[in-house]
Amino acid sequence: MLSEEYSNKTEQRKTNKKSNYEKKKKTKKCNCRSGCSKRSCYCYKSNRGCDSSCGCGSSCQNLFNHLDYFFGEDSKCTAHPCFVDWLVKNVKNADGLKKIDREALQQKIMSCGRFSELSDDEDFQKWSKKWNRIEANEKLGHIQKFFRMLLSDDATMHYYSFCNDDLAEDDCDWHCTICKTCRDWREWHCDGCNKCAYGTTLPCQRCERKNQMFSFW
Ligand SMILES: [Zn+2]
Ligand SMILES: [Zn+2]
Ligand SMILES: [Zn+2]
Ligand SMILES: [Zn+2]
Ligand SMILES: [Zn+2]
């Protein structure tokens with residue numbers, strides 16, 4: 001009896017998985033025949049990489065397909081929203097992305113004001129230990145690991161804020177993808193006037209709309 005119940009459950013899980021997959025397959029894709037330029041590509045505009053269903057092939061210049069340049073080839077990292085907006089602002093296409101000097105970027109991050117805060121972070125301690133006696137052939141891989149820690153969406157505790165040119169704390173700061181700036185945790189994006197408002201429990205100072213996330217107040 002028990003095992004039957006169990007197999008029913010797994011069956012259910014399988015179908016759930018399947019329908020999720022189908023949903024994913026149906027998400028809108030770009031219609032570019034080639035190139036995927038910043039102006040016209042739907043995938044690019046939704047901050048997403050292209051895939052085989054797009055039909056743009058090897059000519060694809062969508063920079064979100066080339067983030068392995070920063071995160072390493074076998075990582076499935078997506079970029080932190082702050083990094084995404086910085087890339088979109090500063091880089092035209094995949095070729096431009098590859099002109100970014102990774103070592104210079106790493107140095108820039110390491111010399112920011114709040115960088116020393118990372119010394120308490122266990123992952124960073126491990127990273128640093130190895131960095132101090134790194135072999136030339138391991139350097140790039142280790143820099144990519146550094147970027148995964150601070151520039152990817154699964155960055156823990158801290159991320160690098162291009163808006164502030166400094167380290168930011170995941171608990172205290174976030175990047176508003178509509179205003180395109182890093183914000184304090186006390187701020188929230190108001191749909192009414194389409195700007196960030198201050199005070200999570202306060203209504204928006206401009207349009208008096210309440211923060212949906214705190215609507216029980
Ligand atoms: Zn496209
Ligand atoms: Zn596409
Ligand atoms: Zn493409
Ligand atoms: Zn930001
Ligand atoms: Zn905002």
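I began with the helices around the largest pocket: α3 (68-71) and α4 (81-90) each supply at least two residues of its lining. Helices here are DSSP runs of H or I with at least four residues, strands are runs of E with at least two, and both are numbered from the N terminus. I noted that α4 gives the most to this lining, with 3 residues.

Before going on, I wrote down the ground rules: this is a predicted model, where local features need pLDDT of at least 70, side-chain atom pairs count only at pLDDT 80 or more, and totals for chains, interfaces and linings use all residues. Residues are numbered from 1 along each chain as its sequence is written, chains are lettered from A and ligands numbered from 1 in the order in which they are written, and side-chain values use heavy atoms, with hydrogens and water left out.

Back to the largest pocket, which holds about 580 Å³ of space. A pocket is an open set of points on a 1 Å grid over the protein atoms alone, where a 1.4 Å probe fits, with protein on both sides within 12 Å along at least five of seven lines; lining residues have an atom within 4 Å of a point. The volume is the space filled by probe spheres set on the points, which are joined across faces, edges and corners. I found 25 lining residues, with Arg48, Gly49, Phe64, Leu67 and Thr78 nearest the centre. Domain 1 (31-65) and domain 2 (66-183) both contribute to the lining, so the largest pocket lies between them; the bounds come from an automatic or database domain assignment.

**Zinc ligand 1**

Which protein donors hold the zinc ion (ligand 1)? I get Cys30, Cys32, Cys36 and Cys41, each through SG, at 2.3 to 2.4 Å. Donors are N, O and S atoms within 2.8 Å of the metal (3.2 Å for Na, K and Ca); water is not among the atoms, so sites may look incomplete. Cysteine 30 also coordinates the zinc ion (ligand 2), 3.6 Å from ligand 1.

**Zinc ligand 5**

I then checked the zinc ion (ligand 5), coordinated by Cys176 (SG), Cys179 (SG), His189 (ND1) and Cys196 (SG) at 2.1 to 2.3 Å. Cysteine 176 sits in strand β3 (residues 173-176) and cysteine 196 in strand β6 (residues 195-198), so the pair ties together parts 20 residues apart in sequence. Both cysteine 176 and cysteine 196 are buried.

Conventions:
Buried < 20%, exposed > 50% of the residue type's maximum accessible area, 1.4 Å probe, protein only.
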